Amino acid sequence: MSAPRTDLEKQKRHHLVPIIGIIAVVLIALAGFVWWFDDETSDPEIPGEVPGPVDEITEPPAPATGTAPVAEPPAPSQ
């Protein structure tokens, strides 16, 4: 069976907005995928790896040579 009344020009007008909407959604999804893929591959974080070049890592501060003053316990009162 075929459609009883076919008016191709009318059908084109009625389907134009949904087709544009579908194209817009596909383009937005594609742009989101490209952004996500670029974000994931641009600077991967590997567990246990030190971030940045090794030459730029500064040494930890050296421990102080003097000793910290020790507080004396209070004298027992009688």
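User: Which residues do ring pairs link into a cluster here?

Analyst: Phe33, Trp36 and Phe37. Rings of Phe, Tyr and Trp (its six-membered ring) pair if their centres lie within 6.5 Å; planes under 30 degrees apart count as stacked, over 60 as edge-to-face and the rest as tilted. This is a predicted model, where local features need pLDDT of at least 70 and side-chain atom pairs count only at pLDDT 80 or more, while totals for chains, interfaces and linings use all residues. Residues are numbered from 1 along each chain as its sequence is written, and side-chain values use heavy atoms, with hydrogens and water left out.

User: How do I read a ring pair?

Analyst: A pair of aromatic rings is described by the distance of the centres and the angle of the planes. The structure holds two aromatic pairs. Phenylalanine 33 and tryptophan 36 are tilted, at 5.9 Å centre to centre and 40 degrees between the planes. Phenylalanine 33 and phenylalanine 37 are stacked, because their centres are 6.1 Å apart and their planes at 25 degrees.

User: Is phenylalanine 33 buried, partly exposed or exposed?

Analyst: Buried means under 20% relative accessible area, exposed over 50%, partly exposed in between (1.4 Å probe, protein chains only). Phenylalanine 33 has 47%, so it counts as partly exposed. Tryptophan 36, at 44%, is partly exposed, and phenylalanine 37, at 45%, is partly exposed too.
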